[in-house]
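Keep the structure open on your screen while you read.

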Amino acid sequence: MNAASLSSHRLWAYLQLMRPANIVTAWADILVGFAASGAIAFLNQTLTGSATLAWLLLATTGLYGGGVVFNDVFDAELDAKERPERPIPSDRASRQGAIALGSLLLVVGIVAALQVSWLSGAIAATIAFAALLYDAFGKHHSILGPVNMGICRGGNLLLGVSAVPAMLGERWFLALIPITYIAAVTAISQGEVHGGKASTGITALLFVGAVIVSILALGLLPDYQVLAALPFILLFAGRVLPAFVKAAREPTPDLIRVAVKAGVLSLIVLDATVAAGFASLPYGLLVLSLLPISMILAQIFAVT
């Protein structure tokens with residue numbers, strides 16, 4: 001392999017560490033938070049709204065990308081035994097290089113958020129800390145792990161809401177939806193290598209049910225249109241529930257990986273559901289348009 005080919009091979013490995021398909025799902029979090037904050041009105045009036053959204057999308061790209069890179073950094077020794085095909089244990093990427101990349105991405109995420117407001121920067125810094133906590137310690141705990149990861153995604157949604165800082169006090173509870181959902185996905189993912197327990201799968205299903213009920217309950221808000229969200233709710237349930245039911249009935253590594261993949265990619269559908277209710281059906285479809293992009297990337301890059 002010549003020098004140019006080797007360099008290209010290594011760049012590809014570092015890109016794999018970032019899990020591009022998953023980053024697209026993080027963009028959806030920002031878009032739904034942006035809609036819930038009411039900032040979507042500024043998109044139609046001034047360039048300020050567009051710049052704010054662009055900075056927040058860059059921020060979540062850095063935060064999510066950095067978080068998943070450090071996931072592989074902390075798991076390097078374990079992956080050498082259980083997932084030797086991953087970039088670091090296969091020597092396609094160095095651990096030191098991954099640390100440098102992950103650090104750079106997290107810094108970019110925080111700095112980009114600071115371009116919106118100090119509050120956005122503080123939320124970004126909290127997300128970065130929570131991601132590192134999960135990578136280093138949280139994921140090894142059956143209860144702390146799912147909650148920890150859920151906080152990362154809930155914080156990401158609030159990062160979108162921070163486009164209008166005053167709305168954080170009114171919309172903070174929306175973070176509970178991704179927290180609950182990601183807790184379900186993270187809980188069931190704990191068996192993707194050695195297999196899981198039926199009880200864990202049932203718990204995950206209950207969490208998903210709670211998420212669906214919560215979305216319907218948003219209809220109690222005066223500015224949330226359940227009818228606009230209903231088609232997305234049905235799509236979300238149709239994508240997630242069958243895979244989770246199969247994994248609960250037969251918690252084998254293969255079925256659990258299928259459930260986790262469906263769960264991660266369906267984050268976009270979940271976000272589209274909430275976004276449609278707060279903004280409009282077309283805006284929900286705009287968020288949903290990220291799904292095929294993420295699915296295509298998922299065929300090229302690992303999701304878990």
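This is a predicted model: local features need pLDDT of at least 70, side-chain atom pairs count only at pLDDT 80 or more; totals for chains, interfaces and linings use all residues.

## Helix pairs

Let's start with helix 14, which spans residues 267-278, and helix 15, which spans residues 281-288. Their axes come within 8 Å and cross at roughly 165°. An angle over 145 degrees counts as roughly antiparallel, so helix 14 runs roughly antiparallel to helix 15. The crossing of these two helices is right-handed. On the helix 14 side, the contact uses Ile268, Val269, Asp271, Ala272, Ala275 and Ala276. Helix 15 answers with Leu281, Tyr283, Gly284, Val287 and Leu288. Sorted by class, the contact of helix 14 with helix 15 has nine nonpolar residues, one polar and one charged.

Helix 14 has another partner in helix 2, made up of residues 20-37. Here the axes come within 9 Å and cross at roughly 15°. Angles under 35 degrees count as roughly parallel, and helix 2 and helix 14 are therefore roughly parallel to each other. Their crossing is left-handed. From helix 2, the residues that meet helix 14 are Val24, Thr25, Ala28, Asp29, Val32, Ala35 and Ala36. Facing them in helix 14 are Leu267, Ile268, Asp271, Val274, Ala275 and Phe278. The class tally for this contact of helix 2 with helix 14 is 10 nonpolar, one polar and two charged residues.

Next come helix 11 (198-217) and helix 12 (residues 226-249). They pack at an angle of about 175°, with their axes 10 Å apart. Helix 11 and helix 12 are therefore roughly antiparallel to each other. Helix 11 brings Ala198, Gly201, Ile202, Ala204, Leu205, Val208, Val211, Ile212, Ile215 and Leu216 to the contact. Helix 12 brings Val226, Ile233, Phe236, Ala237, Val240, Leu241, Phe244, Val245 and Ala248. By class, the contact of helix 11 with helix 12 has 18 nonpolar residues, one polar and no charged.

Here are the pairs side by side:

| Helix pair | Axes | Angle |
|---|---|---|
| helix 14 and helix 15 | within 8 Å | roughly 165° |
| helix 2 and helix 14 | within 9 Å | roughly 15° |
| helix 11 and helix 12 | 10 Å apart | about 175° |

## Empty spaces

Rolling a probe the size of a water molecule over the atoms shows where empty space is left. How many cavities of 30 Å³ or more turn up here? The count comes to one.

The largest cavity holds about 30 Å³ of space. Its lining is Leu157, Leu174, Ile177, Pro178, Leu270, Asp271 and Val274. Helix 10 and helix 14 are the elements giving two or more residues to that lining, and helix 14 has the largest share, with three residues. The lining residues of the largest cavity divide into six nonpolar, no polar and one charged.

Now for the second largest pocket, where about 200 Å³ of space lies. It is lined by Ser142, Ile143, Pro146, Val147, Ile179, Thr180, Ala183, Ala187, Gln190, Thr200, Thr203 and Phe207. The elements giving two or more residues to this lining are helix 8 (144-161), helix 10 (176-189) and helix 11 (198-217). Which helix gives the most to the lining of the second largest pocket? Helix 10 does, with four residues. The lining of the second largest pocket has seven nonpolar residues, five polar and no charged.

Notes
Residues are numbered from 1 along each chain as its sequence is written. Side-chain values use heavy atoms; hydrogens and water are left out. Axes are lines fitted to C-alpha atoms, for helices over the stretch in contact, and angles run from 0 to 180 degrees between N-to-C directions. Angles under 35 degrees count as roughly parallel, over 145 as roughly antiparallel, 65 to 115 as roughly perpendicular and the rest as oblique. A crossing is left-handed if the near helix is turned anticlockwise from the far one by less than a right angle, and right-handed if clockwise. Contact means heavy atoms within 4.5 Å. Ala, Val, Leu, Ile, Met, Phe, Trp, Tyr, Cys and Pro count as nonpolar, Asp, Glu, Lys and Arg as charged, and the others, Gly among them, as polar. On a 1 Å grid over the protein atoms alone, a cavity is a set of points where a 1.4 Å probe fits but cannot get out, and a pocket is an open set with protein on both sides within 12 Å along at least five of seven lines; lining residues have an atom within 4 Å of a point. Grid points are joined across faces, edges and corners, and a volume is the space filled by probe spheres set on the points.
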